[in-house]
Structures are given as structure tokens and as C-alpha cells.
Amino acid sequence: MGTAGAAVGDADGNASAGDSRRVAVPPLAELASRLGEGVLTTDPDIIAAHARDEALFCPAEGAIALVRATSASDVQEVMRFATEHRIPVVPQGARSGISGGANASPGAILLSVARMNDVVAVSEAERTVTVQPGIINQDLKDHLAPFGLSYPPDPGSVGISSIGGNIATNAGGLCCVKYGVTRDYVRSLTVVLADGTLSVLGPQTAKGVAGLDMRQLFIGSEGTLGVIVEATLRLVPALPDPFTAVATFPDERSGLQTVADFMAGGGVPSLFEFLDGSSLTMLNAYGDFGLDGEAGSMLIMQVDLAAAESEAMMANFAEVAHACGALDVAYSDDPADSADLIAARRMIQPAYEKFAGAHGGGQLLDDVCLPRAAMPEFCDRLDALRESSGLTISLVAHAGDGNTHPSVFFDAADEAETAKALEVFGEIMRIGLELGGTITGEHGVGYLKRDWLGEELDAGAQRMQLAVKNALDPLGILNPGKMLGGL
């Protein structure tokens, strides 16, 4: 696959193409001298604690050092050193991802930007904020609240994921059905390239078409093209309190059909979330949420229009839901009701973890995004997978934009069941592609899904992806073996 998949050379610069076993340890004391006190560590226990994200079934061995950068100049020094010695670098943020994109590689330096977490500047006049990559999404939102401004991208991991990581995977979340994903809010990026060059991508202005938009290449590039050290983000006025509707259904299909029909009829929700019956049961077992445990599925829908428009939209939603067989539909304009429901929705992953812990410990969370009209059929095919595999497969979704998150649960101590779970995980991606979808809507490819990227991209697209990778990272040292590693 060319340089993007080649092994790095040894410390003397001798190519070791395809043989990552012969990577010599570079003179790390030299790198440490270029950095601040305590920035670099070779302590094996500390390296091991930073060697992986939340993904299962992804290798994470062999890192030789951890650099906890505190400035762009630290990042530049690491990349210059890595280029000089032809050694891999794995950029890291909060390590909250679930695709193995931040996992260690053999002979690699782990380059964490988690300590670079400052808000550099807020411009009320331009409605922008400039931040370092390590800032946590929710901390940024809290910082902006006194200014009456909002940063809408709102992943389920909002309390633990960093802005740099959100940019690296083009994260979406609960509000993206109306407000868009991370890509829609990145005004400009400051990045460090593989050779240590510092470059600003994108204008500071609201509009700009001077040359190719290199900024967009870095959004969603998962640390394979360069390291983000600063971002200027577009903001909007503080989001209004929404009206919130809840509808329950006898089964999954009727809930997802409601989503497709409501959106096709011109619905403009600011949030549209789906939870299947097993997810409701797991949430109730996790906390006192008072959800209808007898329902086959539930929708949470929000509208943040003017009061009269919101009322009309709620009435329309109720009509569509009842036509699709809803058991119950209710709505409220009380912000407390909304906050309680969204808090429950955000607890789905801890609830899943509790269930998994009591049933063998294994969970694979998928991230297939579909055309909305295809979601009911996707639901039917999940049912068939449940029946054929005998495994528990739960489903939540950012349903308004078709981003589904099926979870496959299994006994991690049972070899046969683990193999079956991996097979089902792959089959879910295959079904998504067959229905016109994509293998990942927001979690990224990382290592976990790298062999599936070629299934989605045609030959021309693969050549373009590798050409970009090889142009920006000719030595193949940036996050090798991830995202493009299967092409």
C-alpha cells in the first residue's frame, strides 16, 4: 500500500520495510533535553497506563516513551526527532475513543496533548473561540456559557472527550441532527506536520477560498496526517431551552419508522434519539430513571424553535408516532424534564458496562451510519442477527441523522462466543454498507475497523487517500497501522 503502510526504518535510517521487529531504540535522552522537565518519560508502568484507548481487540504494545506535551514547540521537537530517527509517533488526547486509534505501536513515542487544555481566546465579536486540543468538550461549553455563546457539537462522551479528539474523528453527537458535526464548526487549525513544520490551515474569517482547504483533510484524519495543537472554532448564540417529547413503541421498527416518516415530512428536531427495549431495561437496572421497561423502544425528540412553532412540531410528531403504532406520546417545555431525559440518555454506556460486567465482560460498540429511510430494515436485520447468533445486541441511535450504535455483548472468557461476537460486529458493518451506509459515523476507523475501510472506499478513493497520506507523511511515522493501514 505504499509508504502509508510501510514499517519505519531503524535508528540509522536504514529502511526496514515490513519488519517492525528491527526498530532500534533511539537516543531518547537527546529528545528529553529538547523538552521541558518531566515532559518525557520512559517509565514502563506510566507508558503502559497510556498505551490504549477504550477499544477491545486492538494491539497496544511496544511504545518506548510517553511525551506529555505542554506546548506546540514540544510537539514540534517530537516530530523533528521522530523524522530524524524514523520512528513512529502516536498522537493522543483523552484516549476516550473506542476504535484503537490512540493505541501504542511497536517502537513508538506516545505523544499526548492532554495537558494542552487552555482556552486561548474568546471573540464575542466574531463568535469564535481558540483552544488547545486537550480541552474537554464539556469544559469548553461551561467556559462559554457566561458569554452567552455555545459550541453545539455534543458527543455522548462530552464529559470525557477532548476537542482535539473530536476533531480527529469529526465527532457528532446528540445535537448534530440540527446543528451539524465538528467539521461544521472548525474555522482554522494549527497543526504540526510529520517533519515538525508548524502550519495554520484555514482562514480566521467566516469565508475564504484561497487555495485548497487543507483544514478539511485534517478533520477526521485520526492523527495520521499531523498533530493538532490549536483550533479556532465557530460559535453560535446560547441554545434556547427546548420542548422535549417522549414516545414509546411496542417494538424497534415502529420507533425507527417514526423517525424516517417525521424527518421526511419536514420535521426539524434539534435532537432525535432512539433507545431499544433492552437499552431501557439496562438503564433502569443502572439507575432510578423511571423509564418504561415494557416498551420495545423509545424516542426522545427535542425542538428549539419559537413556542408556537415548537408546539406545532410536537403535535406533528405525536401524529406521526401514533400513525406508526406508538404506545404513548408526551411532551413538555420544562427544562428540568429535558435535563433528566438527556442525563438518562448519556448514562447508556455506563449502563451497558454494568450489564456486560454481569454477563461475561464483553461489549463491542458499533458505529454504523445509515440513510434514515434504511433504519427500519436495519432493525429487521439486527433481529435476524440476534436470532442466528444467540447474542444480546442492543441499539441506541442518534436517529435523526441515521447514526446507529449497536452493542454486541458476549462472554469474553468464552473463545467461541468471542469469535462469534467479532463476526457479528463485522456483519453489522456489512449490513450497513449494503443499505447505503458507512462503517463509522463518528467513532473513527482506528485499528478496529481498518480492514473494513477498503470495503467502503472504491479503488479511486483508496488511491487518493494513500496519495495524501504519503505526501504529508512520506516516512509513514504518524500513527502507523491505523485508519489507512488496511488499504
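Student: Where is the place of Glu222?
Tutor: Welcome! This is a predicted model, where local features need pLDDT of at least 70, side-chain atom pairs count only at pLDDT 80 or more, and totals for chains, interfaces and linings use all residues. Residues are numbered from 1 along each chain as its sequence is written, and side-chain values use heavy atoms, leaving out hydrogens and water. Helices (H or I, at least four residues) and strands (E, at least two) are DSSP runs numbered from the N terminus. Glu222 has its place in the loop between helix H7 (214–218) and strand S10 (227–234).

Student: Which side chain of opposite charge is nearest to Glu222?
Tutor: Lys and Arg count as positive, Asp and Glu as negative, while His and the chain ends are not counted. Glu222 is buried (under 20% relative accessible area with a 1.4 Å probe, protein chains only; exposed is over 50%, partly exposed in between).

Student: In which order do the 5 strands of the open sheet stand?
Tutor: Two strands pair if DSSP finds at least two bridges between them. Strand S6 (residues 128–131) pairs with S10 in the antiparallel sense over 4 bridges, and Thr128 stands opposite Arg234 in S10. The pairing in the sheet is antiparallel, and the order is S5-S6-S10-S8-S9.

Student: Which strands stand at the edges?
Tutor: Each edge strand has a single partner strand, so one side of each is left without a neighbour in the sheet. These are strand S5 (119–123) and strand S9 (198–201).

Conventions
A salt bridge is a side-chain nitrogen of Lys or Arg within 4 Å of a carboxyl oxygen of Asp or Glu.
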